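I opened this one with my notebook beside me and a few simple things to look up. Here is what I wrote down as I went.

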Amino acid sequence: MTNHARKELERRHLEAFLRITGLDSEVDSVVDTERPDFLVTMRSGKCIGVEHTQPRDEVHAAHEGLLGPLTKSLEVGLERENLNLWVHLTLPLQRAHSLALEPRSLQLLGKELLTLLCRARVAVRASWTEYSAEALAVHPDFEGIAEVHVSEGSRPIVTWGSQTLSERLGILQAAIQSKTEKLDDYRNNTSADEFWLLVVSGPGLGCMPSILATDFMYNNGYQEMYLTDEFEQHCFRLGS
């Protein structure tokens, strides 16, 4: 990714964050910088230095298209059933590779998952729901799926990854720690009143922001820290 493309992506994420939180109406100006990524001046006169980071599952990145037929067909099924859910499947790469070579198994798996989600449509009212591997043992094709996380959204989205929830949390925590280590440099080089960290969960990390927001606290020097996702479905303030 070129520097220009990276900056465009960062600005799109920032604008989505401001829109989702309703802060866009309070913003006077946004200036692209590098240390931190943005200086946001509010109408009140307060200047906020915003640092952006998008951790991703690098192992997943090379294999993302493996289950394309499954994710696409399940999205179509969810749309047909009027279920605006974000479904994230966790399964080992080896299982993903074997499924990719079995179109019929992918088709059956998609149908069974859709049936499960339709049955549970009343239950999916919290910001996320987890189905254990045991709960998915209704068809042989569910073998190898470790987790299914479901989050309410504005449109049907289906993603997958090979990392378990604890491994995904580790990826996010490492990214946050990396940005925390740069904070002293930002303070010494920028006259912002506050510094905020915007974390955008990237490919392979799935619909897990609410889990982080409710179950994990972080101690760092940023006055505010927010977690959003690449599909602009959720935004959560993380404790600091």
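**Helix H6**

I started with the buried residues of H6, and they are Leu165, Arg168, Leu169, Leu172, Ala175, Ile176, Lys179 and Thr180. They sit on the same side of H6, because the arc they cover around the axis is only 140°. A reminder to myself: this is a predicted model.

Next I checked the length of H6. The helix runs over residues 165-180, 16 residues in total. From first C-alpha to last I get 23 Å, close to the expected 22 Å at 1.5 Å a residue.

**Strand E3**

Then I moved to E3, residues 47-53. How many of its residues are buried? I found seven of seven, so I noted the strand as mostly covered, buried being under 20% relative accessible area.

I looked at the faces of E3 separately. In a regular strand, side chains alternate between the two faces of the sheet. On one side of E3 I listed Cys47, Gly49, Glu51 and Thr53, and on the other Ile48, Val50 and His52; all are buried, and both faces are covered.

**Neighbours of E3**

Which way does E2 run relative to E3, parallel or antiparallel? E2 (residues 38-42) is antiparallel to E3, and four bridges join them. I picked out Phe38, whose bridge partner in E3 is Val50. The E2 and E3 hairpin has four residues between the strands, and there I noted Gly45 with a positive phi near 100°.

Last, I turned to E8 (residues 194-201), which runs parallel to E3 and is joined to E3 by six bridges. Here I followed His52 across to its bridge partner in E8, Leu198.

How values were computed:
Residues are numbered from 1 along each chain as its sequence is written. This is a predicted model: local features need pLDDT of at least 70, side-chain atom pairs count only at pLDDT 80 or more; totals for chains, interfaces and linings use all residues. Side-chain values use heavy atoms; hydrogens and water are left out. Buried means under 20% relative accessible area, exposed over 50%, partly exposed in between (1.4 Å probe, protein chains only). Helices (H or I, at least four residues) and strands (E, at least two) are DSSP runs, numbered from the N terminus. Two strands pair if DSSP finds at least two bridges between them. The expected span of a helix is 1.5 Å times one less than its number of residues. The arc is that of the directions from the helix axis to the C-beta atoms.
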